[in-house]
Amino acid sequence: MGSSTNTEAMDTDAPSLSITVERNPSQTRLQQLGIKSWPKWGCPPGKFPVKFDAQQTCYFLRGKIKAYIKGSNECVEIGAGDLVIFPKGISCTWDVSVAVDKHYKFDPA
């Protein structure tokens, strides 16, 4: 899996929003963020739309998804061990191939 952000490929009138993925962050980084104190959320395999009304940072404990960003050709693959930031205002379709279990936090904006 290569880079998960590709703003050059987005030729739309919409603002360029992209999903940021940090693969396998260190335990120190996870502790600094306080990940274990964040709420947990999970979902079974399936395909569904998601819109983020606030920036969300999450850490995937398990699962595998492809996030297809609306208005873009971009697809971001996310899996267990990834620290992900979904920016405020982004809409995407999640194609969940392996059930998801994650910690998440909404950031005030």
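Here is a short walk through a hairpin, a histidine and a set of aromatic rings in this predicted model.

Let's begin with the hairpin. Strand 4, residues 55-69, runs antiparallel to strand 5, residues 75-79, and five bridges pair the two. One place to look is Lys66, whose bridge partner in strand 5 is Glu77. Five residues lie between the strands of this hairpin, and Gly71 takes a positive phi there, near 80°.

Next, find His103, which sits in strand 7, residues 91-107. Is this histidine buried or exposed? His103 has 9% relative accessibility, and because buried means under 20%, His103 counts as buried.

Now for the aromatic rings, which form six pairs in the structure. Phe60 and Trp94 make a tilted pair, because their planes meet at 45°, with centres 6.3 Å apart. Phe60 belongs to strand 4 and Trp94 to strand 7, so this pair ties together parts that are 34 residues apart in sequence. Both partners are buried: Phe60 has 0% relative accessibility and Trp94 has 1%. Tyr104 and Phe106 give an edge-to-face pair, with 5.8 Å from centre to centre and 75° between the planes. Phe106, at 46% relative accessibility, counts as partly exposed.

Conventions
Residues numbered from 1 in each chain as written. Predicted model: local features only at pLDDT ≥ 70, side-chain atom pairs only at ≥ 80, totals over all residues. Heavy atoms only, no water. Pairing = 2+ DSSP bridges. Helix = DSSP H or I, 4+ residues; strand = E, 2+ residues; numbered from the N terminus. Buried < 20%, exposed > 50% of the residue type's maximum accessible area, 1.4 Å probe, protein only. Phe/Tyr/Trp six-rings, centres within 6.5 Å; stacked < 30°, edge-to-face > 60°.
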